[in-house]
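Subject: Structure handover

Hello,

Please keep it open while you read.

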Amino acid sequence: MNPLWLTHYTATSSIGRGLDQTLSALQGLRSGLNPCRFDTVDLETFIGEVAGLDEVRLPSHLSEYDCRNNRLAWLGLLQDGFEQAVRDAIKKYGRHRIGVFIGTSTSGILQTELAYRRRDSETGALPDDFIYRTTHNTYSVADFVRRHFEFSGPSAAISSACSSSAKVFGSARRMMEAGLIDAAVVGGVDSLCLTTLYGFNSLELLSKEPCRPYDARRNGLSIGEAAAFALLEKSPQDEDDIMLLGIGESSDAYHMSSPHPEGLGAKIAMQDALRMANLQPSDIDYINLHGTATPSNDAAEGIAVQALFGKDTPCSSTKGATGHTLGAAGGMEAAISALALKHSLMPAGLNTKQIDPALQLDYLLENRERKIHRVLSNSFGFGGTNCSLIFGRSA
Amino acid sequence: MKLVAYIEGIGLLGPGLAGWHASEAILCASSPYQAQKTVLPSPSSLPPAERRRSGALVKLALAVGLEAIETARLNPADLPSVFSSSGADGENCHAICEMLATSDRQISPTRFHNSVHNTAAGYWGIATGSMKNSSVLCAFDASLCAGLLEAVTQVVVDNTRTVMLACDTQYPEPLFRSRPIPDAFGIALVLSPERSAQAIAEISIELTEDKADSMDGQLEALRVAIPAARGLPMLQAIAMRQNGRVVLDYLDATRLSIDISFP
């Protein structure tokens, strides 16, 4: 592929608002996971909650979009001068030449969960203040971004569970290469809700402690929430801008909620990303793993990574810090990958004490500082959807 | 910038429209449209366990997707796919929200994995064995054109055949009142970058601000009521085998212009 440049990007999660706080948390080995006190949830688990979302107010002309997910999106857009960078891009390209592709798995479903508690006792009707289109619907977060910037180009929410906001890069690349648009705002926004907390609990995939990816005694994931955005352009704005070099997308065709046991789909995605980038496995300096800390995910991914890269490529999952931010994970970890390249930091996988001896990998338990040139980031999801991204630095 | 692709297969299922071949005469107005509830076939391509767990969206997607691929005489395992839906499995979503509003919140694993927007794509992979890329999108009422654009850019940029599916199902009450989709409706297209022997039509797509085409009578009511039915004017033009241009509703003032020609 022709490389695309992340001319601006930003990330907000439980480890920080914006890139400075995120980097500082990674450097200081700080996790954002805490015991779950969310809403009325009575589960013994840890979550990565973004503080202060209840106080966030959307711009008044977009108040019908008010829900936790769009508040998180708005908080995210306000960090790192990202909003201004998009406005500059609009001046450069025009509102019709910029696409919007936002990944989310549950969008504003929390709003509907809460509305179902307030149904009319006689008719069963939802309360009058409930607005399906602008809160519940999967598209609402992409629509919120689109309307805020008054874009008139192509737009969609990408919703393939936990690969959603990695796959936004794939959709944006195709639109840009086809010549439909000159630039794209891509990202991922997913927020806490009862569906995912009780849903993962039903699958017995929630850990009772902060998640420990790739640990021999890993016992499930910790759910987090995040908003991450990137502005993709066809040429760099600064000489040290991070490049998107390759994307691999595949399907497991195996099971709805378990990965292929040998990580076959994951392996195809990584191979395709390498092929698109015209790189060999040995060209990758660091792998940001999907690493959810469920027994089956890490086993399948570990096998696939080892089969392709051997056991010497440094790798880690940053979900011990952020939690699994589901539909936002691909975007969040794209931002972490970009920070890793820019600041020569391969972040440690937090909470992991003893690396699973069955997974023979150079899994980082300490931060490693060294100039790196190319990072591969994995995102896999329910329904057997896989996406691998390769980022690089030009200088 | 025009994007060109060749349609090699079409699938269609909706109220009074029981398959593409069965519906061509209705779309040409040579036989009358008769409103009838959508009949979803049992998904025989799924293993028994998955068949039991599949909801309306999965049944609809398998029916229209496989009809399109059979017409094109291709193997579904070889094809990437694009799934667009304005709201995924409405029945399942209601059941989860209802349960989460009670004191017993133990939703079942099947309910949970059927709640993801890509549930149809997941079952599709299991049914067809395709390990290729599958893109899953939502753009509310613009979902069909969002899926069509994604599919056509795959065809043009990645130089591959692909199958595109736009499928919508209903919500039960109380969500129905907020999102009144009257029935299940799906369209599938197999698209190819090259003109082959099985090509049905050539389409050339660009963005436009021109007014979207409407239809007559009950078909227009369907087109307006169900997001996936926004593609009906294109299928009508194909059924009538007339070279020409249709404009489909997409986002607000942004619409899709499609030049259609026949080999």
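Two residues are in contact when heavy atoms of theirs lie within 4.5 Å of each other. The model is a predicted one.

**Helices H1 and H12 of chain A**

By that contact rule, Leu19(A), Thr22(A), Leu23(A) and Leu26(A) in H1(A) meet Met332(A), Ile336(A), Leu339(A) and His343(A) in H12(A). Sorted by class, this contact between H1(A) and H12(A) has 6 nonpolar and 2 polar residues, and no charged ones. An α-helix has 3.6 residues a turn, so residues three or four places apart point the same way. H1(A) covers residues 18-27 and H12(A) covers residues 329-343; they pack at an angle of about 75°, with axes 11 Å apart. Angles of 65 to 115 degrees count as roughly perpendicular, and H1(A) and H12(A) are therefore roughly perpendicular to each other.

**Helices H2 and H6 of chain A**

The second pair is H2(A), residues 68-77, and H6(A), residues 140-149, which pack at an angle of about 45° with their axes 9 Å apart. That angle makes H2(A) oblique to H6(A). The crossing of H2(A) past H6(A) is right-handed. On the H2(A) side, the residues in contact are Asn69(A), Asn70(A), Ala73(A), Trp74(A) and Leu77(A). They meet Ser140(A), Val141(A), Phe144(A), Val145(A), His148(A) and Phe149(A) in H6(A). Of the residues in this contact, 7 are nonpolar, 4 are polar and none is charged.

**The nonpolar cores**

Which residues have the most contacts inside the largest nonpolar core? They are Leu148(B) and Ile238(B), in a core of 202 residues. Helix H7(B), residues 143-157, gives the most to this core, with 9 residues. Leaving aside neighbours within four places in sequence, Leu148(B) is in contact with Met164(B), Leu189(B), Leu191(B), Ile205(B), Met234(B), Leu248(B), Leu256(B) and Ile258(B). A second, separate core has 24 residues, among them Leu274(A), Ala304(A), Val305(A) and Phe309(A).

**Helix H10 of chain B**

The buried residues are Leu232(B), Pro233(B), Met234(B), Leu235(B), Ala237(B), Ile238(B) and Ala239(B). Two of these names have come up already: Met234(B) as a contact of Leu148(B), and Ile238(B) among those with the most contacts inside the largest core. After H10(B) comes Arg241(B), with a positive phi near 50°.

Regards

Methods. Residues are numbered from 1 along each chain as its sequence is written. Chains are lettered from A and ligands numbered from 1 in the order in which they are written. This is a predicted model: local features need pLDDT of at least 70, side-chain atom pairs count only at pLDDT 80 or more; totals for chains, interfaces and linings use all residues. Side-chain values use heavy atoms; hydrogens and water are left out. Axes are lines fitted to C-alpha atoms, for helices over the stretch in contact, and angles run from 0 to 180 degrees between N-to-C directions. Helices (H or I, at least four residues) and strands (E, at least two) are DSSP runs, numbered from the N terminus. Angles under 35 degrees count as roughly parallel, over 145 as roughly antiparallel, 65 to 115 as roughly perpendicular and the rest as oblique. Ala, Val, Leu, Ile, Met, Phe, Trp, Tyr, Cys and Pro count as nonpolar, Asp, Glu, Lys and Arg as charged, and the others, Gly among them, as polar. A nonpolar core is a set of buried Ala, Val, Leu, Ile, Met, Phe, Trp, Tyr and Cys residues joined through side-chain atoms within 4.5 Å. Buried means under 20% relative accessible area, exposed over 50%, partly exposed in between (1.4 Å probe, protein chains only). A crossing is left-handed if the near helix is turned anticlockwise from the far one by less than a right angle, and right-handed if clockwise.
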